[in-house]
Amino acid sequence: MATTNFSSMQLLPFHPLFPSFPQNTRSLSFNSHPKPYPNLRSTSLKPYNTENPRPRVVVMAVKNLGETDPVVVSPEKEGPAGDLPSAAGVYAVYDKDNELQFIGLSRNIAASVSAHQKSVPELCGSVKVGVVNEPDREALTQAWKSWMEEHIKVSGKVPPGNESGNATWVRQQPKKKPDLRLTPGRHMQLTVPLEDLIDKLVKENKVVAFIKGSRNAPLCGFSQKVIGILENEGVDYESVDVLDEDYNYGLRETLKKYSNWPTFPQIFVNGELVGGCDILISMNEKGELASLFKR
């Protein structure tokens with residue numbers, strides 16, 4: 001019988017796939033009794049090539065900032081979409097005195113510049129554009145970085161709109177409302193029935209969404225879709241986490257009886273149950289939500 005020639009083996013370098021994997025994780029070990037296998041051939045392994053792969057080169061069709069021709073934009077126009085590409089890349093906005101105000105990157109240059117024209121028309125006189133052919137994050141960042149470094153090298157300063165803390169050019173995300181709590185805590189005895197608290201809540205607020213999880217972190221796909229629709233519609237709504245057993249203890253079962261609806265999420269408008277996720281999606285696809293929230 002042939003034998004395995006372990007003496008000819010070379011040890012392979014070990015490269016863990018997950019270097020941050022916890023060291024105290026429990027592992028399983030199995031004891032077995034080896035059995036002879038017939039017709040085994042001797043095995044020799046070639047050494048593993050440990051050379052590092054070559055770094056990926058990002059290729060861009062972007063000229064230097066100084067070599068790029070400006071495109072004049074005007075506040076009188078509805079937008080520069082006719083003159084600027086709806087492609088991904090880097091752009092530099094100059095005021096009417098030809099002073100560089102902001103360097104940005106975008107997946108849609110025309111749309112971004114159009115938004116700037118509406119928010120700060122007095123600072124938009126002309127735009128220089130560099131389109132990135134393969135617009136992944138690395139390529140876009142590299143194009144933006146090259147224009148920034150070129151401008152800083154020439155002027156010795158960062159464009160005003162790119163200075164730290166400047167919120168003129170970058171839209172700030174509005175702070176989201178906190179989720180409502182129906183009780184002061186599970187340890188507190190209620191003096192009013194929970195069903196009455198639900199009734200008061202949905203009748204005193206125009207739109208109420210009872211969801212699983214919070215509006216910042218929904219804990220089910222249906223709740224996430226409902227929050228997405230309400231946010232996209234710009235609806236001012238209140239949210240209640242039905243999984244919060246500390247401040248909304250017993251809410252799920254009580255709400256099912258109150259609304260006669262067995263699942264979550266549940267959306268109320270003007271004190272009346274509209275339905276759950278499927279109904280909201282259907283109304284959204286039919287364009288019926290705008291009229292619903294205007295009632």
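## Helix 5 and the residue after it

Helices here are DSSP runs of H or I with at least four residues, numbered from the N terminus. In this predicted model, helix 5 is followed by Asn260, which has a positive phi, near 55°.

Within helix 5, the buried residues are Leu251, Thr254, Leu255 and Ser259. Viewed along the axis of helix 5, these residues fall within an arc of 120°, so they line one face of the helix. An α-helix has 3.6 residues a turn, so residues three or four places apart point the same way. The packing partners of the buried residues of helix 5 are helix 3, strand 5, strand 6, strand 7 and strand 8 (272-275).

## Helix 3

Helix 3 buries Leu194, Ile198, Leu201 and Val202. Their arc around the axis is only 90°, which puts them on the same side of helix 3. Lys203 and Glu204, on the other side of helix 3, are exposed.

The cover over the buried residues of helix 3 includes strand 5 (207-211), strand 6 (238-241), helix 5 (251-259) and strand 7 (266-269).

## Largest nonpolar core

The largest nonpolar core comprises 18 residues, and Leu230 and Phe293 have the most contacts inside it. At least two residues of this core come from each of strand 5, helix 4 (221-232), strand 7, helix 6 (277-285) and helix 7 (289-294). Helix 4 gives the most, with 4 residues.

Which residues does Leu230 contact, leaving aside its neighbours within four places in sequence? They are Ala209, Val235, Tyr237, Leu280 and Phe293.

## Second largest pocket

The second largest pocket has a volume of about 160 Å³. Its lining consists of 11 residues, and those nearest the pocket centre are Lys176, Arg215, Glu231, Val235 and Tyr237. Val235 and Tyr237 are also among the contacts of Leu230.

Val170 is located in the loop that runs between helix 2 (137-155) and helix 3 (194-204). Is Val170 buried, exposed or partly exposed? Its relative accessible area is 41%, so Val170 counts as partly exposed, since that class lies between the 20% limit for buried and the 50% limit for exposed.

Val170 and His116 are separated by 54 residues in sequence, while their C-alpha atoms are 9.1 Å apart in space.

How values were computed: Residues are numbered from 1 along each chain as its sequence is written. This is a predicted model: local features need pLDDT of at least 70, side-chain atom pairs count only at pLDDT 80 or more; totals for chains, interfaces and linings use all residues. Side-chain values use heavy atoms; hydrogens and water are left out. Buried means under 20% relative accessible area, exposed over 50%, partly exposed in between (1.4 Å probe, protein chains only). The arc is that of the directions from the helix axis to the C-beta atoms. Contact means heavy atoms within 4.5 Å. On a 1 Å grid over the protein atoms alone, a cavity is a set of points where a 1.4 Å probe fits but cannot get out, and a pocket is an open set with protein on both sides within 12 Å along at least five of seven lines; lining residues have an atom within 4 Å of a point. Grid points are joined across faces, edges and corners, and a volume is the space filled by probe spheres set on the points. A nonpolar core is a set of buried Ala, Val, Leu, Ile, Met, Phe, Trp, Tyr and Cys residues joined through side-chain atoms within 4.5 Å.
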